[in-house]
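Welcome, and please get your viewer ready. We will go from one selection to the next and look at what is there.

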Amino acid sequence: MAQPTYEWRPPERGWREQDLADLPDDGNRYEIIDGSLHVTPPAGYGHHWLADEIRSR
(Lines give C-alpha, C1' and ligand atoms only; values in the text may rest on other atoms or scores of the structure.)
Protein backbone atom coordinates (compact mmCIF):
# COMPACT_ATOMS: atom_id res chain seq x y z
CA MET A 1 0.00 0.00 0.00
CA ALA A 2 1.37 3.40 -0.98
CA GLN A 3 2.05 5.93 1.71
CA PRO A 4 0.80 9.51 1.37
CA THR A 5 3.45 11.91 0.18
CA TYR A 6 1.98 14.87 2.03
CA GLU A 7 1.95 15.12 5.81
CA TRP A 8 -1.11 16.94 7.12
CA ARG A 9 -0.29 19.43 9.81
CA PRO A 10 -2.94 21.97 10.61
CA PRO A 11 -1.70 25.40 11.62
CA GLU A 12 -1.79 26.17 15.32
CA ARG A 13 -4.16 29.03 14.58
CA GLY A 14 -7.20 28.74 12.29
CA TRP A 15 -6.65 28.07 8.60
CA ARG A 16 -6.05 31.15 6.44
CA GLU A 17 -6.10 31.82 2.71
CA GLN A 18 -2.28 31.82 2.58
CA ASP A 19 -2.28 28.20 3.83
CA LEU A 20 -4.00 27.01 0.64
CA ALA A 21 -0.79 27.46 -1.34
CA ASP A 22 0.93 24.86 0.87
CA LEU A 23 -1.64 22.13 0.18
CA PRO A 24 -0.99 19.49 -2.51
CA ASP A 25 -2.34 19.84 -6.03
CA ASP A 26 -4.02 16.43 -5.93
CA GLY A 27 -7.38 17.10 -7.57
CA ASN A 28 -9.24 17.71 -4.33
CA ARG A 29 -11.07 20.96 -3.73
CA TYR A 30 -9.84 22.83 -0.66
CA GLU A 31 -11.93 25.54 1.00
CA ILE A 32 -11.54 27.44 4.23
CA ILE A 33 -14.79 28.23 6.01
CA ASP A 34 -14.65 30.11 9.31
CA GLY A 35 -11.05 29.00 9.87
CA SER A 36 -11.75 25.31 9.20
CA LEU A 37 -10.35 23.40 6.24
CA HIS A 38 -12.92 21.54 4.11
CA VAL A 39 -11.73 18.99 1.54
CA THR A 40 -13.96 17.70 -1.26
CA PRO A 41 -12.81 14.98 -3.65
CA PRO A 42 -13.16 15.57 -7.38
CA ALA A 43 -16.42 14.54 -9.03
CA GLY A 44 -16.36 11.07 -10.55
CA TYR A 45 -17.53 9.71 -13.89
CA GLY A 46 -21.11 9.14 -12.69
CA HIS A 47 -21.47 12.76 -11.68
CA HIS A 48 -20.33 14.01 -15.07
CA TRP A 49 -22.50 11.49 -16.91
CA LEU A 50 -25.61 12.56 -14.97
CA ALA A 51 -24.84 16.25 -15.51
CA ASP A 52 -24.56 15.61 -19.26
CA GLU A 53 -27.89 13.74 -19.25
CA ILE A 54 -29.63 16.61 -17.46
CA ARG A 55 -28.05 19.20 -19.70
CA SER A 56 -29.05 17.39 -22.91
CA ARG A 57 -32.79 17.30 -22.09
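Which residues does Asp 19 touch, not counting residues up to four places away in sequence? Select Asp 19 and you will find Pro 11, Arg 13 and Gly 14, where contact means heavy atoms within 4.5 Å.

A note before moving on: this is a predicted model, in which local features need pLDDT of at least 70, side-chain atom pairs count only at pLDDT 80 or more, and totals for chains, interfaces and linings use all residues. Residues are numbered from 1 along each chain as its sequence is written, and side-chain values use heavy atoms, with hydrogens and water left out.

Stay with Asp 19 and show side chains. A polar contact of 2.9 Å links Asp 19 to Arg 13 (a pair of N or O atoms within 3.5 Å; within protein, one must be able to donate a hydrogen and the other to accept it, and residues adjacent in sequence count only if both atoms are side-chain atoms). Asp 19 counts as buried because its relative accessibility is 10% (buried is under 20% relative accessible area, exposed over 50%, partly exposed in between, with a 1.4 Å probe and protein chains only).

Next, select Glu 7, in the segment before β1. Glu 7 counts as exposed, because its relative accessibility is 53%.

Finally, colour β1 (residues 29-33) and β2 (residues 36-40), antiparallel strands joined by 5 bridges. Strands are DSSP runs (E, at least two residues), numbered from the N terminus, and two strands pair if DSSP finds at least two bridges between them. Ile 33 stands opposite Ser 36 in β2. This hairpin has 2 residues between its strands, and Asp 34 takes a positive phi near 50° there.

Definitions and conventions:
Helices (H or I, at least four residues) and strands (E, at least two) are DSSP runs, numbered from the N terminus.
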